[in-house]
Amino acid sequence: MRIREGDPLEIYTDRDGGVIFKKYSLMGGLSDFAVQLCESLNKATGRVAVITDRDTCIAVAGAARRELTDKRISAELESIMEGRQVYQHQAGEGLLPACEENDKYRLDVAAPILAEGDVLGSVLFVSQEGNPTGDAEYKLVQTVAAFLGRHMES
C-alpha cells in the first residue's frame, strides 16, 4: 500500500460505517496550479510534462494525459526522488518507466520537489521512446521543482 511509518493519512467513513484511510498529499492541494504549470511546460517544449506527488501523477499535459493522470509512479522514479538528484536519460542507458501500470512512457528528465528537506513529488518530461533532453529541459524541470518546493514552504 506504500504507506510508511510517519506518513500522514486522511481518514474517511463510508455510509455503512466503514473506515477509509487515504494517504495525504501536500501536492494534492496544488493540482489546478500543477496542471497550469504542466501545460506551460508542454507549450514551451512540445514534450509531455508531468508533475507527481510521492505516489501518483497529479498533473499531465500533452498526448499522454489520459494514460498517465492519477497513475501510480514507478519504483524507479520513487528511487530518483528519494535520491534528491535531478535525473537525465543518457543515450545508451536503459529506459526507466514513469508509471507502474503503464511502462509505455519513459523518463527523459526528472527533478524532485523538495520542501524543508522533505520530498513532496517530482517534475518530469516523459516520452515513449526515451528522447534525449538538452540543457533547457534539464533546467526547466529543475527550476519548476525548486519553485514548487519554495511555494510549499511558504
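Mentor: Please keep in mind that this is a predicted model. The protein chain has 4 helices and 7 strands, and along the sequence they follow the pattern β-β-α-β-β-α-α-β-β-β-α. Of the 154 residues in the protein chain, 42% are buried.

Trainee: Why is Thr52 called buried?

Mentor: The term buried requires a relative accessible area under 20%. Thr52 has a value of 0%, so Thr52 is buried. This residue lies in strand 3, and its side chain makes a polar contact with the side chain of Ser122.

Trainee: What makes the approach of Thr52 to Ser122 a polar contact?

Mentor: The cut-off for a pair of N or O atoms is 3.5 Å. The two side chains are 2.7 Å apart at this contact, which is within that limit, and therefore the term applies.

Trainee: What makes strand 3 and strand 7 a pair?

Mentor: Pairing requires at least two bridges between two strands. Strand 3 and strand 7 (residues 118–127) have 5 bridges, so they pair, in the antiparallel sense. Within this pairing, Ile51 has Val123 as its bridge partner, and Val48 stands opposite Val126.

Trainee: How do you know that strand 3 also pairs with strand 4?

Mentor: The same criterion of at least two bridges applies. Strand 3 and strand 4 (residues 57–61) have 4 bridges, so they too qualify, again in the antiparallel sense. Thr52 stands opposite Cys57 in strand 4, and a hairpin of 4 residues joins the two strands.

Trainee: Why are strand 4 and strand 5 called edge strands?

Mentor: The open sheet has 5 strands in the order 4-3-7-6-5, with antiparallel pairing. Strand 4 and strand 5 (87–88) each pair on one side only, and this is what the term edge expresses.

Trainee: What makes one face of helix 4 the buried side?

Mentor: The buried residues of helix 4 are Glu137, Val141, Val144, Ala145, Leu148 and Gly149. Viewed down the helix axis, they fall within an arc of 135°, so they line one face. The face turned away from them carries the exposed residues Asp135, Ala136, Lys139 and Arg150. The buried residues pack against helix 1 (31–45), strand 3, strand 6 (106–115) and strand 7.

Trainee: Which residues touch the most other members of the largest nonpolar core?

Mentor: They are Ile51, Ile113, Val123 and Leu148, in a core of 21 residues. Helix 1, strand 3, strand 4, strand 6, strand 7 and helix 4 each give two or more residues to this core. Another core, of 19 residues, lies apart from it, and Val60, Met81, Ala98 and Leu124 are among its members. Beyond its neighbours within four places in sequence, Val123 is in contact with residues including Leu41, Val50, Ile51, Ile113, Val141 and Leu148.

Trainee: Why are Asp70 and Glu116 called exposed?

Mentor: Exposed means over 50% relative accessible area. Asp70 has 58%, so Asp70 is exposed. Glu116 has 63%, so Glu116 is exposed as well. Asp70 is in the loop between helix 2 (65–68) and helix 3 (75–83), whereas Glu116 is in the loop between strand 6 and strand 7. Neither residue is a glycine, yet phi is positive in each: about 65° for Asp70 and about 50° for Glu116.

Note on methods: Residues numbered from 1 in each chain as written. Predicted model: local features only at pLDDT ≥ 70, side-chain atom pairs only at ≥ 80, totals over all residues. Heavy atoms only, no water. Buried < 20%, exposed > 50% of the residue type's maximum accessible area, 1.4 Å probe, protein only. Arc of directions from axis to C-beta. Contact = heavy atoms within 4.5 Å. Polar contact = N/O pair within 3.5 Å; in protein donor to acceptor, adjacent residues only side chain to side chain. Core = buried A, V, L, I, M, F, W, Y, C linked by side-chain atoms within 4.5 Å.
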